[in-house]
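Hello,

Here is the model we talked about. Please open it alongside this note and follow the strands and the chain contacts as you read.

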Amino acid sequence: MTEPPLRIAVLGGGPFGRALAAAAARRGAEVLLWSRRAQQPPEPSVRLGGELSGVTGADLLLLAVPSPYVEALAEGLAPLLVGRHLLVHVSRGLLGERLRTIGDLLVRRTAARRVGALAGPLSAEALSAGAPAAAVLGTAFPEVEEAVRLALGGGPLRIETTSDRCGVEVASALVGLMALAVGYAQRSGLSPATLSALLSRALQEARRLGEALGAQPQTFEGLAGVGDLLAAALGDGRPEVRIGRALAEGRPLREAARSAGGHVEGVRLASRVAAFARRRGLQAPLTEALAQAVEGRQSGWQALIAALQA
Amino acid sequence: MPLRSPLNLALRALSERPLRLPRAGLRPPGPDDPPLFRFDPAERRRVIEEVVRRVEAEVGTDRAALELALNDAARHEIRRLLEQKDEETAQRLGQWKRLARRLGRMSEQELREALHEVTYAMAEDVAGYFDPRVYELARHLAPRLIAAVMEPGSLPRGLADAQAALDALLEVEGEVRSLQALHRRGTLVFVPTHSSNLDSIVLGQALERCGLPPVVYGAGKNLFTNPLLSFFMHNLGAYRVDRRIRARLYKDVLKTYAAVMVERGYHSLFFPGGTRSRSGMIERRLKLGLLGACVQAQARRVVEGDGGRVWFVPTTINYALVLEAESLAEDWLARAGESRFILPHDEFSRLERWVAFFRRLVGLRSACVIRFGQPLDAYGNPVDAEGRSLAPDGHPVEPTDYVRFRGRAMLSPRRDRAYTRALGARLAEAYRRETVLMATNLVAHVLFRRLVAETPGLDLFARIRLRGEVAMAREELLAEVGELRDRLAGLERDGEVHLGPALRDAEPADIVDRALRVWNGYHRRVAAHDLGGSVRAEDPMLLAYYQNRLLPWAERVAPPTLREVARQLAAMEEEHP
């Protein structure tokens with residue numbers, strides 16, 4: 001007895017959303033791509049939709065909108081979602097002063113309970129091209145795991161799973177922040193040894209902050225933490241690294257961000273994470289230095305580099 | 001009375017062995033009777049058999065699993081019986097030792113038989129019983145007994161008077177209307193906070209007063225030591241929980257029993273905190289075992305059963321005066337990390353303390369406030385009076401959808417564990433919102449906060465030792481109490497907490513006097529001493545205990561000069577739970 005194809009809705013027409021839609025369609029799912037902007041379907045079988053109400057027929061919803069738009073999207077989805085909807089998001093953001101995760105937002109604002117977060121060193125290009133890649137899915141629900149595997153797994157994309165959704169979300173966001181440091185450090189001409197020391201410290205700091213936010217420490221040793229940070233360091237070309245480089249060149253943030261193109265979560269996070277660390281009395285020198293750099297001050301960063309090279 | 005006198009032994013035997021009335025003459029339950037009325041011996045037998053069947057199926061997957069389960073049970077039981085050294089030991093130790101010796105040599109079939117025997121005995125021991133006549137008797141008797149204890153000189157003139165006396169003491173608030181509609185539409189699982197062994201008794205009274213049905217719940221063994229109480233417990237649907245038994249099999253039997261009862265539509269109650277709060281703080285990290293069993297019960301009803309609804313009712317039980325406050329607070333501080341699950345010989349087991357307690361409460365309106373929060377479905381959605389689950393934006397959602405995947409309704413323990421964790425978090429939030437603060441909480445907070453402010457650098461344990469060293473001028477105390485009450489009233493308007501009825505419009509002087517009167521008329525330790533022009537903090541431990549209930553709001557209600565102190569206090573929730 002064959003099961004009917006999995007019905008998927010991808011929300012967000014940027015590169016990542018399009019890549020997800022294409023990958024799922026190639027695996028045989030029925031895919032609807034919702035986006036606020038008009039576009040061509042990434043695969044012929046992908047249906048396009050402009051009405052949010054069109055996503056309710058889906059079993060699995062993949063949210064690929066930048067974090068500033070997630071709250072508005074959640075408000076829009078609130079009257080539409082019911083208990084059978086499975087939600088997975090790929091955002092790298094944390095919300096508000098208290099750095100709430102997007103998964104928590106979705107569970108609070110909608111009737112959906114079975115939520116997951118997909119993260120790791122997965123790029124839109126690799127996904128689109130069907131190149132070998134790896135990602136980690138954080139969810140407590142076996143059905144979310146099964147749906148994501150059906151939608152995206154089994155081919156060149158290798159999906160690992162963990163029950164620590166919070167950890168995946170926090171790790172993914174903090175690594176996004178630390179990627180700024182990677183770019184900055186590379187442009188500052190640090191040696192491989194010093195750069196490695198920096199990366200090591202970055203991971204420790206991210207883990208420390210993550211634990212205070214409810215993450216399990218071992219999640220940082222996986223794809224959402226170390227895996228993703230290494231990808232940034234090895235040159236996956238992500239915007240945070242480019243912005244970091246631009247900041248190291250002394251370019252103002254606005255210009256740097258524009259040249260990197262698109263939304264850069266790490267930049268938005270820096271000041272808020274630094275403030276959080278201060279409130280909780282946590283050691284976060286790298287985050288503090290990044291927040292200063294983003295705000296146009298270089299002193300903290302200089303001190304950090306000096307300490308690393310000593 | 002010496003412990004081993006014939007009368008005492010007879011009384012103890014009466015407590016242990018359930019005393020049941022012959023069932024001849026009992027009329028069959030009518031359609032309007034509460035579900036528990038149909039819990040007759042035949043139904044009880046069916047429940048026991050279902051419990052045994054399920055536990056056997058889950059535990060006895062293969063020979064290795066059987067041996068493991070029985071070995072674990074034997075080990076724990078032998079250790080327990082050796083520690084207890086009582087009649088139970090004499091009766092049961094031999095059997096367990098023999099089983100333990102034979103386990104390695106038994107065939108799979110023999111192991112299955114042994115598992116069946118052990119599980120059956122446990123289920124039989126746990127399973128409750130219900131007699132509608134005893135229920136009727138309890139309804140009439142309880143108010144009279146309590147009134148008699150309160151005013152032993154005067155014979156209560158009638159049920160109406162006794163009821164009135166009890167009514168004045170106990171206030172019931174919250175979603176009563178909703179529950180009155182819902183109990184016929186679905187199965188209610190009350191999940192209250194736990195501060196005192198009186199909780200189940202006052203809650204029973206509250207349910208009775210609101211016309212809500214009797215509930216099934218696990219009564220700890222200590223509620224069966226008193227023969228009178230034991231008789232009622234045995235016949236009112238309570239199932240017996242022996243918390244000394246650590247065997248895994250026993251816990252499985254308990255959880256399965258609770259789940260089966262919920263599946264079969266019996267309204268239930270249990271305390272997700274597990275044990276009475278030693279610190280007086282509101283429960284934050286709930287035990288998820290029984291909660292999970294009930295969440296699974298909802299799934300089973302959808303997938304395999306009648307599709308009936310299971311609704312969780314977060315409830316707070318709030319006392320101006322806590323019967324066992326002194327023992328509990330001592331245990332809180334003695335601990336440094338370990339909990340004695342059972343406190344032997346605390347105030348609950350001393351009749352003199354009961355009498356003193358209830359006498360103290362004479363004339364004290366609303367000494368106990370029970371507040372029912374909005375019911376939640378197993379997925380954390382609030383439920384309205386029509387029994388509809390509501391999404392956060394208010395539109396109704398179908399709860400059965402949560403057990404469906406791609407159109408099929410299915411059982412999934414892992415999924416239900418995740419739902420349970422989320423539900424636990426929602427319940428903890430509800431407990432805070434539905435907490436009702438009393439005069440003693442406020443006055444204790446102001447005094448203890450002053451003590452902390454005047455002793456910078458000291459830790460909790462050092463501060464507890466400062467008896468009678470810190471005092472507040474009466475005007476300052478009144479001013480701070482008034483300000484605290486006003487700030488809390490503001491939070492109440494935002495729906496974040498509640499104030500006891502006696503607090504809202506009272507004069508600060510009355511609030512302070514009420515607190516002092518209540519404490520010093522009952523507790524052996526003097527919490528605070530009124531010196532006329534000032535009030536002295538005598539027993540910091542008792543003050544800390546009573547003000548611990550306010551910690552979630554301590555920072556927000558502190559005046560600017562005391563913000564740092566309030567931050568330290570608030571940190572206690574994490575550091576000394």
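Chain A has an open sheet of eight strands, in the order β3-β2-β1-β4-β5-β8-β9-β10, with mixed pairing. Strands pair here if DSSP finds at least two bridges between them. Helices (H or I, at least four residues) and strands (E, at least two) are DSSP runs, numbered from the N terminus. The edge strands of the chain A sheet are β3 (47-49) and β10 (157-162), and each pairs on one side only. Neighbouring strands in this sheet are turned by 25° against each other on average, direction ignored.

A word on the source. This is a predicted model: local features need pLDDT of at least 70, side-chain atom pairs count only at pLDDT 80 or more, and totals for chains, interfaces and linings use all residues. Residues are numbered from 1 along each chain as its sequence is written, chains are lettered from A and ligands numbered from 1 in the order in which they are written, and side-chain values use heavy atoms, with hydrogens and water left out.

Back to chain A. Strands β8 (residues 114-119) and β9 (residues 133-139) of chain A pair in the antiparallel sense over four bridges. A:A119 stands opposite A:V136 in β9(A). Two helices of chain A pack on this sheet. Helix α1 (residues 15-26) touches β1 (7-11), β2 (30-34) and β4 (60-63) of chain A. Its direction makes about 170° with that of β2(A). Helix α6 (residues 165-187) touches β5 (86-89), β8, β9 and β10 of chain A, and its direction makes about 35° with that of β8(A). Contact means heavy atoms within 4.5 Å. Axes are lines fitted to C-alpha atoms, for helices over the stretch in contact, and angles run from 0 to 180 degrees between N-to-C directions.

Now chain B. An open sheet of three strands has the order β13-β16-β15, with antiparallel pairing. β13 and β15 of chain B each have a single partner strand, so one side of each is left without a neighbour in the sheet. The twist averages 20° from one strand to the next. Helix α18 (residues 474-493) of chain B packs on this sheet and touches β13, β15 and β16 of chain B. Its direction makes about 80° with that of β13(B).

The pairings in detail:
- β13 (residues 470-473) and β16 (residues 534-537) of chain B pair over four bridges. B:V470 stands opposite B:A537, and B:A473 has B:S534 as its bridge partner.
- β15 (residues 528-530) of chain B and β16(B) pair over three bridges, with B:D530 opposite B:V535.
- β15(B) and β16(B) form a hairpin with three residues between them. B:G532 in the turn has a positive phi of about 95°.

Last, where the chains meet. 22 residues of chain B are in contact with 29 residues of chain A. The two chains bury about 2100 Å² between them, 52% of it on carbon and sulfur atoms. Buried area is the accessible area (1.4 Å probe) that two parts lose on being put together, summed over both. B:F405, B:R406 and B:R414 lose the most area in chain B, together 35% of what that side buries. Two salt bridges link chain B and chain A. A salt bridge is a side-chain nitrogen of Lys or Arg within 4 Å of a carboxyl oxygen of Asp or Glu. One of them joins A:E145 and B:R414 (2.8 Å, N to O).

Best wishes
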